[in-house]
Amino acid sequence: MAGLTRNRVLAYNCSIMNSGPDNVAYQTLMECLPEGVFAINTKWQIAFFNRAAEDITGYKRHEVLGRYCHEVFQSDLCQMGCPLKAVLETGREAEQQAVRMVSRDRILKTILVNAGALRDDSGAMAGAVGSFRPLGREEQSSATPRVSQAASRIIGKSPAIRRLFTVLGDVCASQANVFLTGESGTGKELFARTIHQNSSRAKHPFMAVNCSALAETLLESELFGHERFAFTGAVKAKAGRFELVKQGTLFLDEIGDLKPGLQVKLLRVLEQREFERVGGICPIPLEARIICATNRDLSRALADGSFRKDFYYRLQTVPMVIPPLRERKEDIPLLVDFFIRSFNVSFKKKIKGVAPEVMAFFNQYHWPGNVRELERTIEHAFVFVKDDVIGLENLPSRDMFSPKPSRPSGPAADSRKIELTMDEISRALEQAGGRKEKAAELLGISRTSLWRKIKALSPSP
């Protein structure tokens with residue numbers, strides 16, 4: 001069996017996936033091997049998991065049997081380049097492939113994988129079997145996974161995404177603050193979480209704050225915390241996010257909506273690595289890593305002075321631009337496949353894919369809502385699909401794609417919208433990802449008018 005675990009996985013009888021006296025010898029043999037061995041059926045569900053596999057991954061056998069293998073291994077190749085997928089599709093073996101996986105205790109490990117086909121007595125494909133072992137330091141230095149090791153949760157193979165993959169590992173390994181820019185729905189928070197989870201801070205908290213969702217005074221208290229009696233209603237001291245996140249990562253989303261006064265205070269925090277609570281005088285050291293993001297083009301804000309240049313250049317230590325979906329059309333099939341597998345679990349359905357005309361439509365559509373819009377489109381289809389393939393009739397109606405509400409100007413515009421309900425405002429805010437400027441645009445009113453209507457419709461304290 002050395003050939004199975006050291007050099008290659010041979011085409012193997014599928015009896016290890018069945019119960020009965022005939023497979024006792026097989027299972028005993030698999031348990032004795034020093035390398036991890038697992039088997040999946042044609043539905044990608046784990047059917048066998050030996051003791052060495054438990055030791056390497058940190059998962060117990062009873063925790064993984066029946067689960068999808070990508071849920072357990074969380075590998076950087078699960079969405080593209082999976083060695084077991086190649087085996088199931090072609091029947092050819094995969095040998096000595098370096099793969100990055102995430103163990104149960106959230107530790108990244110590089111493993112060397114061999115994979116081969118499992119066939120039944122008639123020779124039909126019944127699944128796949130893989131053996132794996134952790135690489136030594138010398139082997140890790142020479143191993144070259146086809147996708148950046150840090151990008152275990154990011155789906156894509158387009159040139160735009162691959163360019164980010166090339167720098168992502170170095171970004172994760174550093175302690176520098178990161179500035180993510182990109183349109184709404186492109187996945188900026190996903191990149192922020194990936195950077196955190198693949199950094200030395202992974203065992204510490206990750207906290208996200210939407211800077212456009214709170215008024216400036218509330219946001220300042222949320223970030224810095226406050227002392228007792230610092231303002232009306234502050235009946236006791238409260239720690240802010242800068243304190244609570246400790247040595248973890250604080251993700252400040254929609255940083256472009258900050259008022260200049262708060263920009264100055266954050267600039268001081270980034271420069272001096274310390275802060276004070278609102279109403280406090282004692283400096284508190286900042287231990288966290290800061291990742292900021294915005295979907296705004298800040299060039300106009302820099303020109304009119306609403307965004308400070310010194311703050312902007314301080315954020316630009318490690319800038320990363322997340323491309324819109326229309327610039328990475330090659331990734332649409334991968335994303336569609338990922339969302340279908342995910343919604344199959346939550347909806348308890350067995351959808352195989354989308355019809356060719358649906359994929360053609362996806363490829364020609366410009367996706368202003370980016371990956372988030374694609375995900376919601378697939379979710380909508382899951383609600384209505386009756387067959388095992390999503391057709392055009394299961395998609396949202398065409399007028400639901402890229403709604404373009406009229407935007408009348410002048411006093412008449414706001415008077416026409418005076419009958420807005422809180423539900424309409426809430427839906428607009430949700431569609432705009434919490435950005436009041438974008439929500440006001442969707443509603444056809446000014447941002448100031450939106451603030452007034454929220455205040456008027458909110459219940460009195």
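Visitor: Which residues of helix 8 are buried?
Guide: In this predicted model, they are Ala160, Ile161, Leu164, Phe165, Leu168, Val171 and Cys172. Each carries the label because buried means under 20% relative accessible area.

Visitor: What do the buried residues of helix 8 pack against?
Guide: Two kinds of element. The strands are strand 7 (178-181), strand 14 (289-294) and strand 15 (318-321). The helix is helix 9 (188-197).

Visitor: How do you know that the span of helix 8 agrees with its number of residues?
Guide: Take 1.5 Å a residue. The 15 residues of helix 8 (residues 159-173) should then span 21 Å. The end C-alpha atoms are 23 Å apart, which agrees.

Visitor: Where is the kink in helix 8 centred?
Guide: On Val167. The kink is about 40 degrees.

Visitor: What makes Gln263 count as buried?
Guide: Its relative accessible area is 0%. The cut-off for buried is under 20%, so Gln263 qualifies. Gln263 lies in helix 12 (residues 260-272). Leaving aside residues up to four places away in sequence, Gln263 touches Leu258, Ser306, Phe307, Arg308 and Phe311.

Visitor: Why is the pairing of Arg133 and Glu35 called a salt bridge?
Guide: The N to O distance between their side chains is 3.7 Å. The limit is within 4 Å, so the pair passes. Both Arg133 and Glu35 are buried.

Visitor: What does the pair of Arg133 and Glu35 tie together?
Guide: Parts that are 98 residues apart in sequence. Arg133 lies in strand 6 (residues 125-134), and Glu35 in the loop between helix 2 (24-32) and strand 2 (36-41).

Visitor: Why are Asp337 and Arg341 called partly exposed?
Guide: Asp337 has a relative accessible area of 34%, and Arg341 has 23%.

Visitor: Why would residues four places apart in an α-helix point the same way?
Guide: An α-helix has 3.6 residues a turn, so residues three or four places apart point the same way.

Visitor: How many salt bridges does the structure hold?
Guide: 18. Salt bridges also link Glu222, Lys238 and Arg241 in a network.

Terms used:
Residues numbered from 1 in each chain as written. Predicted model: local features only at pLDDT ≥ 70, side-chain atom pairs only at ≥ 80, totals over all residues. Heavy atoms only, no water. Helix = DSSP H or I, 4+ residues; strand = E, 2+ residues; numbered from the N terminus. Expected span 1.5 Å × (residues − 1). Bend = angle between axes of the 7 residues up to and from the residue. Buried < 20%, exposed > 50% of the residue type's maximum accessible area, 1.4 Å probe, protein only. Contact = heavy atoms within 4.5 Å.
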